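Subject: Structure handover

Hello,

Here is the structure for you to look at. My notes on it follow below.

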Amino acid sequence: MSPKTKKFLITSETHEQTLVRFSKDLAATGYCDRCSSTVNIVSLDNGARGMKVGTRELLALIDSDVVHGFENEDGILVLCGQSLALRLSG
Ligand SMILES: [Zn+2]
């Protein structure tokens, strides 16, 4: 069993807010322009897995602004956890 096993846990906190959380050591946040706020960020891999779509389809969702995607400080494309949660709950 890998110690790096990632947990993808979706917790509904209120009607309006759904947070996508990872285990503590993997928690990361970034600024999402579309949400105009700091959000949890999710890797493409985890986003695709969580939404049960392929990476290609996920990129199309980012393209059509259904899911917010932006580059982190390392220039890696990441997903806005907030938009992902909205998509998953809606
Ligand atoms: Zn966003």
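In what order do the elements of the protein chain run from the N terminus on? The order is β-β-β-β-α-α-β-β-α, and the chain holds three helices and six strands. Please keep in mind that this is a predicted model.

Confidence first. The mean pLDDT of the protein chain is 80, with 69% of the residues at 70 or more. Confidence is highest in α2, at a mean of 95, and lowest in strand β2 (residues 18-21), where the mean is 47.

Four strands form an open sheet with antiparallel pairing, in the order β3-β4-β6-β5. β3 (29-32) and β5 are the edge strands. Each of them has a single partner strand, so one side of each is left without a neighbour in the sheet. On average, and ignoring direction, neighbouring strands of this sheet are turned by 55° against each other.

The pairing of β3 with β4 is antiparallel and runs over four bridges. Within this pair, Thr-29 has Asn-40 of β4 as its bridge partner, and Tyr-31 stands opposite Thr-38 in β4. The two strands form a hairpin with four residues between them. In the turn, Ser-36 has a positive phi of about 55°.

Gly-69 lies in strand β5 (residues 69-71). Is Gly-69 buried or exposed? Gly-69 counts as buried because it has 22 C-beta neighbours inside 10 Å, the cut-off being 20 or more. Leaving aside neighbours within four places in sequence, Gly-69 is in contact with Ile-62, Leu-77, Val-78 and Leu-79. The C-alpha atoms of Gly-69 and Arg-34 are separated by 9.2 Å, although these residues are 35 apart along the chain.

On burial in general, 24% of the 90 residues of the protein chain count as buried. The largest nonpolar core has 12 residues: Cys-32, Val-39, Ile-41, Val-42, Leu-58, Leu-61, Val-67, Val-78, Leu-79, Cys-80, Leu-84 and Ala-85. Four elements each supply at least two residues of this core, namely β4 (37-43), α2 (55-63), β6 (77-80) and α3 (81-89). As for contacts between residues at least 6 apart in sequence, 50% join residues at least 24 apart.

Last, the helices. Helix α1 (residues 44-51) packs with α3 at an angle of about 10°, and their axes are 11 Å apart. Angles under 35 degrees count as roughly parallel, so α1 is roughly parallel to α3. Gly-47, Gly-50 and Met-51 make the contact from the α1 side, and Leu-84, Arg-87 and Leu-88 make it from α3. Leu-84 is also listed in the nonpolar core.

Regards

How values were computed: Residues are numbered from 1 along each chain as its sequence is written. This is a predicted model: local features need pLDDT of at least 70, side-chain atom pairs count only at pLDDT 80 or more; totals for chains, interfaces and linings use all residues. Two residues are in contact if their C-beta atoms, placed from the backbone, lie within 7 Å. A nonpolar core is a set of buried Ala, Val, Leu, Ile, Met, Phe, Trp, Tyr and Cys residues joined through C-beta atoms within 7 Å. Two strands pair if DSSP finds at least two bridges between them. Axes are lines fitted to C-alpha atoms, for helices over the stretch in contact, and angles run from 0 to 180 degrees between N-to-C directions. pLDDT is the predictor's confidence in each residue, from 0 to 100. Angles under 35 degrees count as roughly parallel, over 145 as roughly antiparallel, 65 to 115 as roughly perpendicular and the rest as oblique.
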